[in-house]
Each structure stands twice: as structure tokens, then as C-alpha cells.
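Visitor: I would like to learn how to read a model like this one. Could you take me through it step by step?

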Amino acid sequence: MEDLSKPFSQNIIWRSLHYLLNFILTIFIARHFGSVMSGHLFYLMNNGALVILILGCCLESAIVFFSAENNIAASRIFHLSVVWMLVIGIFLFLFSYTIGDYNNDFLETFRQKDSLLYIIGTVMLTYMSSFFHARKDFITPNLVSLIINVILIVILSLSAKAGFLSGETFISIYLVSFLIQGLVMLLFLLKQNKDFRIFQLPNSVEMSRIFSFLSLVIITNVLSFLCYRADYWFVRFFCSDNELGNYIQVSKLVQLFFIFPGILATVIFPITSAGQGDKISTIMPTLTRIIFLVYSCLCLLLVIIGAWLFPFVFGKSFSLMYNCFLFYIPGIIGFSGLYLYTSFYAGSNRVMINVKGCLLALAVMLAGDWFFIPRYGITAAAAMSSCAYLVYFIFVVRIFMREFNVSLTTMLLIKKEDLTFITNKLIHSTKR
């Protein structure tokens, strides 16, 4: 079996740096613009993320899956992705001229050219990064993102002190930065791969395989998106702008906990796609126990200091974050572990397991949000998200436990060798 410690450690280090800087940038934006304005920005970006998910057709999953199998030339999938990006761009700009002046939050995403460039840029960045992930090159895409985020942090810091940029101008620069990252990644791919410069699309058989694979992936990813983002729309409808800003910031904080399992998932997916699922399944319980232990400790720490820490870091307008975060904790633990298993089943081309679990979780969340948010506000939104995440985790992991004859104690109780695994596999491997 391929040694997994090197791709694990590379991905952990570089993706962690990427998300750390991205989070620092989020803090700068929150402090600079306050809960109401930053909440509005991130709410519109959330709407854009759904558009990206639907129009992008999750082609990045096919890029990784078929490149890992190595039976469809990467150059063919590359040119398919380029053609599809052009189609998306043309559609968005045509649509933006036809929507009129309807007073609708979602349609507002399409009215500003900066927002459209953000959508196109994010699609491009996601596609191009996937070609590097398929080759287990986690340094190049994250390094590009790191550089761009550092530049944005410097610009916002200088602007806050000297006032040489308006808030609207910085937001425009921020949204367009995703397109810049995507273009840089595109140029890197063309420079590194000569066969990418010769235009060739997949043949009819390959196209059929790609879109057959994507049909379930799209459904799963849209459902997953709704599981952890649909509550924004309920909060927007039932709560104040200040509560929305606080809730979105809690949600973005919670998403930090999903970075590490998400990093592991980007390694598990291509390896499982390459036919090594049975072997990689042996380390899944170990990774789950490590995630549960570390995240339980981190959540306990935030329970102790969060009431002081959140307003101190994000600003006084974010005083509602703490109580909301407390209700999110069970969901953080469950959903963090879930990442490994949804990636495992996606890589094994058994996406329907993820679909069923996600549908069950989404039903729990939507029903709970509709009933409880009008009465209890953003704390109810957090509690319902936690319930949904736990339901999803239990459903998928029970299937894994039955298939591989894994007991509940094996999944949950930390062992001495787990600490050895962390030391030997994830730290010492960086010295190779």
C-alpha cells in the first residue's frame, strides 16, 4: 500500500496554513465592517456558493476520481473543465441582464459584476486545484492562496489605518481575488503539462462515464450544502441583521473544526478511488478517535474562555456568538468525524449511502429550523444543525461498522497507539 503519511502531512501543513490565513482575513473583515455589514457580505457569498455548486456540476470530483483511476486522460478532463467554465461565465452575464430589479436577496448575488467574477473565479480555482490534488500536490494550490490572502490582509490593514480604500472597494478586491487565484492556477497547469496545451475533449464514452458519476455527486453535495448552510436563510428570514452576522461568524468558526478532517478527506478520496479502499479503511477508526479526542479538548477550552474570547477577537458587535457556539458543540464532534466516511464512500463510488444520510439529516434540520428559530432565534439554529450533523454521522458510520466489523468502543475510545500514530505518521514524516 502507498505510504499515506507524506500526503497526509503535506496536506495538513499547507491546508492548515491556508485556512489559518483565511480565518485571520475573516477576523479582519469582521472587525473592520462589524456584524451587520460582514454578515451581509458572507450571506451573499453563501448564496454564491450554492450557485457555484449547481452550475459547477461538482466537476472537481470527477477530476480527482478519474485522474486517480488514470483511465481518462487528465488533459481531456482539463479542456472539458475550461469549456464548462466558459459556459458558466456566458450564462451568468446573460442572466444578470435579465433579472430586473426584483427585491430578492438571492438575485442580488447576480446584480453585481464583482459577485459574478467571484463565482466564475471560485469555479476555476476549485477545478484547477483539483488537478493538483489528484496528483497529491498539496503545496502549489495552497501556496498561491496563502500569497493572495497575505496581500489582502496587508491591504485591509493599511486601509484601516490610512483610509485610502473605501469598504466597497476592498470588498470588490476581495471577491475578484478568487478569480486571480484561479487564473494563476490555470497558468501553472499549462506550464507544467504540455499535453494540456493541445485541445482535446473526452469522447462520448468517457463523457457518459463522467456525467454518470457526477449525477449522484451533485445531488449529494447540494444536499450536504443545504445541511450546513440552509439555516442561513432561516436566520435571515426570522432574525435581525445583527443576529445573522453573529450566526454566520459562529458558523465560519465551526467550519474551522472541519479543516483537519476535510484535509484528510482530500487524501482519502483519490486513494480510495484508486482501488485501495479496503486497506485505507483500517486507519479510519484511528483517525476518528484522534479527531474526537482533539476536538473535545478544543471545545472544552472554548466553553471556558469563549464568552470573553469571541467579542475580543471579532469585536463587540459579536457578543451573541458564545451561546450559539455552545449548542453547536455536539454537531462539531459528529460532523468532523463524518468527513472521513463520506469521502471514503464517495471514492468507492457508493455515493448513495451519503445521499440517504444527508436526506435524513436535512429533514431533521429543516423541520427543526422552521419550528424553533422563530421562537428561540440563532441558538435554535445551532441546536438543530447539531442534531442534523449527529444524525448524518450515526447513519453513515453504522454502515461502515457493519461492513468492516468495527465495534463502537473501537470507534470512540482513544488508545495508546493512537498517540504513536500521530507522532510517527503525521510529524516525523515531514522530515523525510
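This is a predicted model: local features need pLDDT of at least 70, side-chain atom pairs count only at pLDDT 80 or more; totals for chains, interfaces and linings use all residues.

Visitor: Let us begin with the whole chain. How many helices and strands are there?

Guide: The chain has 17 helices and zero strands. Of its 432 residues, 53% are buried. Among contacts with a separation of 6 or more, 83% join residues 24 or more positions apart.

Visitor: How should I read a pair of packed helices?

Guide: Two numbers describe such a pair: the angle between the axes and the distance between them. Take helix H13 (residues 321-347) and helix H15 (residues 378-404), which pack at about 30° with axes 7 Å apart. An angle under 35 degrees counts as roughly parallel, so H13 and H15 are roughly parallel to each other. The crossing of H13 past H15 is left-handed. By class, the residues of this contact are 22 nonpolar, eight polar and one charged.

Visitor: At what angle do H8 and H14 pack?

Guide: Helix H8 (residues 204-229) and helix H14 (residues 351-376) pack at about 30°, and their axes are 9 Å apart. That pair is therefore roughly parallel, and H8 passes H14 in a left-handed crossing. On the H8 side the contact includes Leu 216, Val 217 and Ile 219, while H14 brings residues including Val 351, Met 352 and Asn 354. The contact of H8 with H14 has 14 nonpolar, three polar and no charged residues.

Visitor: And how are H13 and H14 oriented to each other, parallel or oblique?

Guide: Their axes come within 7 Å and cross at roughly 140°, and H13 and H14 are therefore oblique to each other. Here Tyr 341, Thr 342, Tyr 345 and Ala 346 of H13 meet Val 351, Ile 353 and Asn 354 of H14.

Visitor: Now for the core. Which residues touch the most other members of the largest nonpolar core?

Guide: As background, nonpolar side chains in soluble globular proteins tend to be buried together. In this model the largest nonpolar core has 133 residues, and those touching the most other members are Ile 29, Met 128, Tyr 174, Ile 210, Tyr 247 and Phe 325. Helix H1 (residues 5-55) gives the most to this core, with 17 residues.

Visitor: What is Phe 325 in contact with, leaving aside its neighbours within four places in sequence?

Guide: Its partners are Val 250, Leu 253, Val 254, Phe 257, Leu 302, Phe 310 and Ile 332.

Visitor: One last residue, please. Where is Ala 307 placed?

Guide: Ala 307 is in helix H12 (residues 284-314). Its relative accessibility is 49%, so Ala 307 counts as partly exposed. From Ala 307 to Leu 320 there are 13 residues in sequence and 9.1 Å in space, C-alpha to C-alpha.

Notes. Residues are numbered from 1 along each chain as its sequence is written. Side-chain values use heavy atoms; hydrogens and water are left out. Axes are lines fitted to C-alpha atoms, for helices over the stretch in contact, and angles run from 0 to 180 degrees between N-to-C directions. Helices (H or I, at least four residues) and strands (E, at least two) are DSSP runs, numbered from the N terminus. Angles under 35 degrees count as roughly parallel, over 145 as roughly antiparallel, 65 to 115 as roughly perpendicular and the rest as oblique. A crossing is left-handed if the near helix is turned anticlockwise from the far one by less than a right angle, and right-handed if clockwise. Ala, Val, Leu, Ile, Met, Phe, Trp, Tyr, Cys and Pro count as nonpolar, Asp, Glu, Lys and Arg as charged, and the others, Gly among them, as polar. A nonpolar core is a set of buried Ala, Val, Leu, Ile, Met, Phe, Trp, Tyr and Cys residues joined through side-chain atoms within 4.5 Å. Buried means under 20% relative accessible area, exposed over 50%, partly exposed in between (1.4 Å probe, protein chains only). Contact means heavy atoms within 4.5 Å.
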